[in-house]
Amino acid sequence: MQYKTPIIEKPHRLPKEFYKGEITVFYTLCIKDRKKLFENSITVGVFVNILREALEKFKCRDFAYVFMPDHVHLVIEGAEESSDLWSMIKWYKQKTGYWLSKNAENIKWQKDYYDHIHQKKSDFTANMVYVLNNPVRKKLCDDWQKYEFIGSISYDIKDLINW
């Protein structure tokens with residue numbers, strides 16, 4: 001008889017209280033099996049509108065969003081002490097996941113996502129440039145400013161880069 005050792009998943013996320021307040025978090029949310037979803041302005045527009053709703057609901061602002069064909073980068077900050085970025089991203093994934101279930105056959109989010117709580121103001125611009133240059137690195141365009149699916153609901157991105 002063979003015994004199987006159960007797989008014990010280690011927690012890889014910080015406690016929820018770390019995602020509250022006036023903080024900035026860099027998120028990457030991926031589509032399961034790397035299926036391409038974000039290739040037209042209608043779909044991206046739906047996801048941006050849901051993002052707008054999430055930001056308002058959880059008292060957050062976005063520095064940037066970058067919709068790649070099979071994943072999205074979001075740079076989100078808490079606008080006040082009561083902001084809850086963990087709940088915001090959870091709600092965003094649920095709401096967009098529901099939309100996917102009704103509108104995109106066999107396309108779902110990956111179960112989890114990647115995040116990085118930004119702590120050093122001095123590295124902010126470098127991290128933003130890295131995120132914004134994602135389409136350039138993937139050869140989708142030669143200049144991030146020409147990429148159709150980059151933007152911000154809360155700010156003018158070009159002003160942030162010069163800030």
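E77 is buried, at 11% relative accessibility. Its side chain meets that of R61 in a salt bridge, with 2.7 Å from N to O. This is a predicted model. The count comes to four salt bridges and zero disulfides.

**E77 and R61: strand to strand**

- E77 sits in strand 3 and R61 in strand 2.
- The pair links distant parts of the chain, 16 residues apart.
- E77 counts as buried because its 11% relative accessibility falls under the 20% cut-off.
- R61 has 29% relative accessibility and counts as partly exposed.

**D70 and R34: loop to loop**

- The side chains of D70 and R34 form a salt bridge, at 3.3 Å from N to O.
- D70 lies in the loop between strand 2 (60-68) and strand 3 (71-78), and R34 lies in the loop between strand 1 (24-30) and helix 1 (41-57), so this pair ties together parts that are 36 residues apart in sequence.
- D70 is buried, with 8% relative accessibility.
- R34 is exposed, with a relative accessible area of 54%.

**E53 and K95: helix to helix**

- A salt bridge also joins the side chains of E53 and K95, at 3.3 Å from N to O.
- E53 belongs to helix 1 and K95 to helix 2 (residues 85-103), so the contact ties together parts that are 42 residues apart in sequence.
- E53 is partly exposed, at 37% relative accessibility.
- K95 is partly exposed too, with a relative accessible area of 34%.
- Both residues get this label because 37% for E53 and 34% for K95 lie between the 20% and 50% cut-offs.

- How many disulfides does the model contain? The count is zero.
- A disulfide would be a covalent bond between the sulfur atoms of two cysteines.
- For a pair to count, the cysteine sulfur atoms must be within 2.5 Å.
- Is C30 buried or exposed? C30 is buried, at 11% relative accessibility.
- C141 is buried as well, at 18% relative accessibility.
- C141 keeps the buried label because 18% is still under 20%.

**Salt bridges in brief**

- The total is four salt bridges, including D70 with R34, E53 with K95 and E77 with R61.

Terms used: Residues numbered from 1 in each chain as written. Predicted model: local features only at pLDDT ≥ 70, side-chain atom pairs only at ≥ 80, totals over all residues. Heavy atoms only, no water. Buried < 20%, exposed > 50% of the residue type's maximum accessible area, 1.4 Å probe, protein only. Helix = DSSP H or I, 4+ residues; strand = E, 2+ residues; numbered from the N terminus.
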